[in-house]
Amino acid sequence: MPVPFEALLPFAIIAGMFTVTATGLNVTRYLGNDKKPTRYGLDVWEKQMMERDRRLTGSLRGQSDQPIAPLAFATNSIWYLEKKRSH
């Protein structure tokens, strides 16, 4: 059974919108990660190091090669709350 040519125009519009949306999401993630690829499968250690990098440089993906941390690093720490123990 042949496909009527009238169905190709809506199909092309729908496929084009999916492509535009996916491309926009990828560009947004890329620019949000300081123009670096998105990280996947992060464990606790990597998340802690990303938080440390954010406190040092102001960016989750930024890194510093300075041997001494800036003065603001001493006072911008994050205190994690303890979970309540249930008895």
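This report describes the helices, surface, charged pairs and backbone angles of one predicted protein model.

Local features are reported where pLDDT is at least 70 and side-chain atom pairs only at pLDDT 80 or more, while totals for chains, interfaces and linings use all residues. Residues are numbered from 1 along each chain as its sequence is written, and side-chain values use heavy atoms, with hydrogens and water left out.

**Overall fold**

The protein has 2 helices and 0 strands; helices (H or I, at least four residues) and strands (E, at least two) are DSSP runs, numbered from the N terminus. Of its 87 residues, 9% count as buried. Buried means under 20% relative accessible area, exposed over 50%, and partly exposed in between, with a 1.4 Å probe and protein chains only. The protein exposes about 8300 Å², and carbon and sulfur atoms supply 64% of that area. Areas come from the Shrake-Rupley method with a 1.4 Å probe, and for residues only the protein chains shown count as cover. Among contacts (heavy atoms within 4.5 Å) with a separation of 6 or more, residues 24 or more positions apart account for 28%.

**Helix α1 and its surface**

Helix α1 spans residues 8-32 and includes Leu9. An unreviewed UniProt entry lists residues 12-32 as "transmembrane region"; such annotations may be inferred rather than shown by experiment. In the model, residues 12-32 are 100% helix and 0% strand, with the end C-alpha atoms 30 Å apart.

Leu9, Ile13, Met17 and Val20 make a nonpolar surface patch of about 430 Å². Patches are made of residues with over 30% relative accessible area and no salt bridge; like charges are joined within 9 Å, and nonpolar side chains (Val, Leu, Ile, Met, Phe, Trp, Tyr) within 5 Å. Leu9 counts as exposed because its relative accessibility is 59%.

**The loop between α1 and α2**

Asp34 lies in the loop between α1 and α2, and Lys35 is found in that loop as well. Phi of Asp34 is near 60°, a positive value in a residue other than glycine. Lys35 also has a positive phi, of about 60°, although it is not a glycine. Most residues other than glycine have a negative phi. Asp34 is partly exposed, with a relative accessible area of 38%, whereas Lys35 is exposed at 57%.

**Charged pairs**

Side chains of opposite charge can pair when their charged atoms come close. A salt bridge is a side-chain nitrogen of Lys or Arg within 4 Å of a carboxyl oxygen of Asp or Glu, and the count comes to 2.

| Salt bridge | Closest N and O atoms |
|---|---|
| Glu51 and Arg54 | 2.5 Å |
| Arg52 and Asp53 | 3.0 Å |

Glu51 and Arg54 both lie in helix α2, 3 residues apart, about one turn of the helix. Glu51 is buried, with a relative accessible area of 17%, while Arg54 is partly exposed at 34%. In the other pair, Arg52 is partly exposed at 35%, and Asp53 counts as buried because its relative accessibility is 7%.

**The segment after α2**

Phe73 is found in the segment after α2 (44-57). Leaving aside neighbours within four places in sequence, Phe73 is in contact with Arg52, Arg55 and Leu56. Phe73 and Arg55 are 18 residues apart along the chain, and their C-alpha atoms are separated by 6.4 Å.
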